[in-house]
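Please read them beside the coordinates.

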Amino acid sequence: MVIEQNVELSDGRTLRTYDSGGGAEGSGGGGDGDGLTVVWHHGSPQTGVPLEPLLTAAAARGIRLVSYGRPSYGGSSPLPGRNVASAAADVERIADALGVGSFATMGASGGGPHALACAALLPDRVTGVVCLAGIAPYTRDFDWYEGMVAPGGLRSAADGREARELYAATDEFDPASFTSADFAALAGAWSSLGDDAMKAGQAGPDGLIDDDVAFATAWGFDLAEVAAHVLLVQGSRDRVVPPSHAASMLAGLPRAELWVRPDDGHVSVLDTCPAAMDWLGARR
């Protein structure tokens with residue numbers, strides 16, 4: 001059973017948090033994950049409710065899965081002007097409230113940068129990171145937007161929140177952003193992701209706007225500060241976050257490895273989550 005609760009922060013905000021419990025030794029799986037807690041960072045937009053395939057994979061490995069809604073998502077309070085680094089202090093408070101000491105982080109798409117922020121800024125607590133189809137810090141070392149079918153949101157975000165908010169008024173999802181493998185995943189094992197993204201979108205654009213502005217501006221930390229082992233997982237056919245982003249992060253992270261999935265797009269790459277959890281369990 002997943003326990004849902006609001007965690008109160010010292011600045012008066014609350015974060016909607018989800019905790020699968022478990023993770024105690026002998027609670028299931030093959031043993032590699034026994035005692036491991038994984039904090040999941042959701043994509044953009046999502047509510048933070050843990051997705052069914054993640055819960056199933058975690059339970060099979062005896063992993064305690066914790067997730068939360070970033071500010072302005074899923075009932076969590078807004079945090080005006082937040083950057084990517086802001087996630088670390090929020091996750092630290094969640095971990096303290098739930099009695100979690102050390103933990104691993106996983107993030108997909110827009111969640112990837114926030115998972116890396118925790119590793120960079122909470123080095124004594126984060127044991128490993130998995131970043132699936134994650135966006136790289138903005139740079140002019142390569143064409144950051146090349147390969148994105150619909151880069152308009154991020155392009156406007158680079159000009160500030162007001163510009164991104166104006167763009168959101170007419171923004172519509174471009175179906176060409178997803179491959180046939182992505183649509184098959186959304187129709188099958190990852191249907192909960194599509195449903196959750198729709199729910200998050202219906203609640204308003206503020207979370208997504210703030211995410212995009214945070215991605216397209218200074219993150220508040222450098223990749224070189226991430227001391228933990230990092231696994232990057234990238235689909236070669238990704239049309240939302242192209243493979244050049246994974247290559248850029250691989251070059252900038254001190255202890256990273258890359259799994260390339262030649263037939264995967266932005267959503268279907270999530271099928272590697274069970275194997276990625278095994279990878280984290282081996283690096284506790």
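1. On terms, angles under 35 degrees count as roughly parallel, over 145 as roughly antiparallel, 65 to 115 as roughly perpendicular and the rest as oblique. Axes are lines fitted to C-alpha atoms, for helices over the stretch in contact, and angles run from 0 to 180 degrees between N-to-C directions. Helices (H or I, at least four residues) and strands (E, at least two) are DSSP runs, numbered from the N terminus.

2. This is a predicted model, in which local features need pLDDT of at least 70 and side-chain atom pairs count only at pLDDT 80 or more, while totals for chains, interfaces and linings use all residues. Residues are numbered from 1 along each chain as its sequence is written, and side-chain values use heavy atoms, with hydrogens and water left out.

3. Helix α1 (residues 52-60) and helix α10 (residues 273-281) have axes that come within 9 Å and cross at roughly 40 degrees, and the two are therefore oblique to each other. Contact (heavy atoms within 4.5 Å) is made by Leu54, Ala57 and Ala58 of α1 and by Cys273, Pro274 and Met277 of α10. By class, this contact has 6 nonpolar, no polar and no charged residues, where Ala, Val, Leu, Ile, Met, Phe, Trp, Tyr, Cys and Pro count as nonpolar, Asp, Glu, Lys and Arg as charged, and the others, Gly among them, as polar.

4. Helix α5 (residues 161-168) packs with helix α8 (residues 206-216) at an angle of about 135 degrees, the axes being 10 Å apart, and this pair is therefore oblique as well. The contact is made by Arg161, Arg164, Glu165 and Ala168 of α5 and by Asp206, Leu208, Ile209, Asp210, Asp212 and Val213 of α8; by class it has 4 nonpolar, no polar and 6 charged residues.

5. A search of the whole structure finds 0 disulfides (pairs of cysteine sulfur atoms within 2.5 Å). The sulfur of Cys131 has its closest cysteine sulfur in Cys273, 11 Å away and too far for a bond. Cys131 counts as buried at 2% relative accessibility, and Cys273 counts as buried at 1%; buried means under 20% relative accessible area, exposed over 50%, partly exposed in between (1.4 Å probe, protein chains only).

6. Phe142 is found in the loop between β6 (126-132) and α4 (152-157), and with a relative accessible area of 22% Phe142 is partly exposed. Leaving aside neighbours within four places in sequence, Phe142 is in contact with Ser244, His245 and Ser248.
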